[in-house]
Amino acid sequence: MHSVSGVLIILVLIATGYWLTVQGWFDEHYSKITSKLVTQIALPCYMINTITTQFTRGHLLKILPDLQFPILSMTLLFGLSYLVQWFFQIDPHHRGLFKSMFANSNTVFVGLPVNMALFGKASIPYVLVYYMANTTFFWTLGVYLIRSDGQTHPGFNLWQIVQKIFSPPLLGFMMGIVLVCLQIKLPPFVESDLHYLGNLTIPLSMFFIGMKLAQMGLRNIRPSKDMAGIFLGRFLLAPILMTILVLPLTVPNLMKAVFIIQSAMPVMTNAPVVAKLYHADSNYAAVMVTATTCFSLIMVPLLMMMVMRLV
């Protein structure tokens, strides 16, 4: 029960957003505002607050080599996503979203509470190492792919490419790294503001998913080849790749366990929000987030038993 508590928290928040939308509290206009509020205000603040409060300069330098494992794993997953996309014949309008959701996992909103429940506070440094790699991939390559789905007239524009890569959340993440490396301490009132604004990220993201599910109708959520492909990436290929990478190495067993668990988390909850912001299919993304989050209730205990045997 402890291992699925983090997942249940997410599902309750999604259900709340769904119910409030059905009751008429939220409409399409509000969902657009929510997507902008999360990606352009709440998430950048969340990034800065998380990095500056959870890391020190020495800590960053010490754990920097560990980044190679999630970076290599996600690079291989992105490569595999092209092959899986071809095999499952994914709709061209969904290919960017599919590849982004295939390779990136929910390392904070689900991964952090799950690892805390399983391994305690000792797991936090390794959770955040994976988070750093996952965040960088999602807010660069992942967002670029999602925006390509919503781009009606694709073409080469250097300024647009730069804008796609340096999104507000990634800029917040980079600012947090700079502040820690330069050992700059923010004023207490600024830290408090960043903390409060950043705390909007999780509930608003979950509410947004609930809104999209209500707007599209739960009857439209059914098994599909796209869902099979996402499940294949999230719950099978990702943990297998990570296990192959870390199991033979002489590194802490806790790091091995956390990295394997993190690699098999459900789809990032930010995917539907970003899809909405850039005019891609946010309903498609919301379905995948909900389906993988629900399925993780089964996968997390099974994966935990496997990890304990391996490490």
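**Exercise 1. Which residues of α4 are buried?** Work out too what covers them, and check the helix's length against its span.

*Solution.* A word before we start: this is a predicted model.

Step 1. Go along α4 and pick out the buried positions: Phe69, Pro70, Ser73, Met74, Leu77, Phe78, Ser81, Val84 and Gln85.

Step 2. An α-helix has 3.6 residues a turn, so residues three or four places apart point the same way.

Step 3. Now see what sits over these residues. The cover includes α5 (95-103), α7 (124-150), α12 (225-246) and α13 (253-263).

Step 4. Check the length. Helix α4 takes in residues 68-87, which makes 20 residues. At 1.5 Å a residue they should span 28 Å, and the end C-alpha atoms are 29 Å apart, so the two values agree.

Step 5. Step past the end of the helix. Glutamine 89 follows α4, and its phi is positive, near 55°.

**Exercise 2. Take threonine 75, in helix α4. Is threonine 75 buried, exposed or partly exposed?**

*Solution.* Step 1. The relative accessible area of threonine 75 is 42%. Buried would need under 20%, and exposed over 50%. Threonine 75 is therefore partly exposed.

Step 1. Compare sequence and space. Threonine 75 and phenylalanine 137 are 62 residues apart along the chain, while their C-alpha atoms are 8.7 Å apart.

**Exercise 3. How many disulfides does the structure hold?** Explain the result for cysteine 45.

*Solution.* Step 1. The count is 0.

Step 1. Start from the sulfur of cysteine 45. The closest cysteine sulfur belongs to cysteine 181, and it is 20 Å away. A disulfide needs the two sulfur atoms within 2.5 Å, so that gap is too far for a bond.

Step 2. Cysteine 45 is buried at 11% relative accessible area, whereas cysteine 294 is partly exposed at 36%.

**Exercise 4. How many salt bridges are counted, and which residues form one?**

*Solution.* Step 1. Here's the idea: side chains of opposite charge can pair when their charged atoms come close.

Step 1. The count comes to 1 salt bridge. Lysine 185 pairs with glutamate 191, with 3.3 Å between the closest N and O atoms.

Step 2. Check how open each partner is. Lysine 185 is exposed at 68% relative accessibility, while glutamate 191 is partly exposed at 24%.

Step 3. Another charge to look up is on arginine 147. Its charged end sits over the ring of tyrosine 278, 4.2 Å from the ring centre.

**Exercise 5. How many aromatic pairs does the structure hold?** Follow two of them through the chain.

*Solution.* Step 1. There are 12 aromatic pairs. One of them joins phenylalanine 26 and phenylalanine 207, a tilted pair with centres 6.1 Å apart and 40° between the planes.

Step 1. Phenylalanine 26 is in the loop between α1 (5-22) and α2 (28-54), and phenylalanine 207 is in helix α11, so the pair ties together parts 181 residues apart in sequence. Phenylalanine 26 and phenylalanine 207 are both buried.

Step 2. Now take phenylalanine 235 and phenylalanine 295. Their ring centres are 5.3 Å apart and the planes meet at 55°, so this pair is tilted. Phenylalanine 235 lies in helix α12 and phenylalanine 295 in helix α15, 60 residues apart.

Step 3. Compare their accessibility. Phenylalanine 235 is buried at 7%, but phenylalanine 295 is partly exposed at 28%.

Step 4. Finish with a cluster: ring pairs link Phe26, Tyr30 and Phe207.

Technical notes
Residues numbered from 1 in each chain as written. Predicted model: local features only at pLDDT ≥ 70, side-chain atom pairs only at ≥ 80, totals over all residues. Heavy atoms only, no water. Buried < 20%, exposed > 50% of the residue type's maximum accessible area, 1.4 Å probe, protein only. Helix = DSSP H or I, 4+ residues; strand = E, 2+ residues; numbered from the N terminus. Expected span 1.5 Å × (residues − 1). Contact = heavy atoms within 4.5 Å. Salt bridge = Lys/Arg side-chain N within 4 Å of Asp/Glu carboxyl O. Phe/Tyr/Trp six-rings, centres within 6.5 Å; stacked < 30°, edge-to-face > 60°. Lys NZ or Arg CZ within 6 Å of the ring centre and 35° of its normal.
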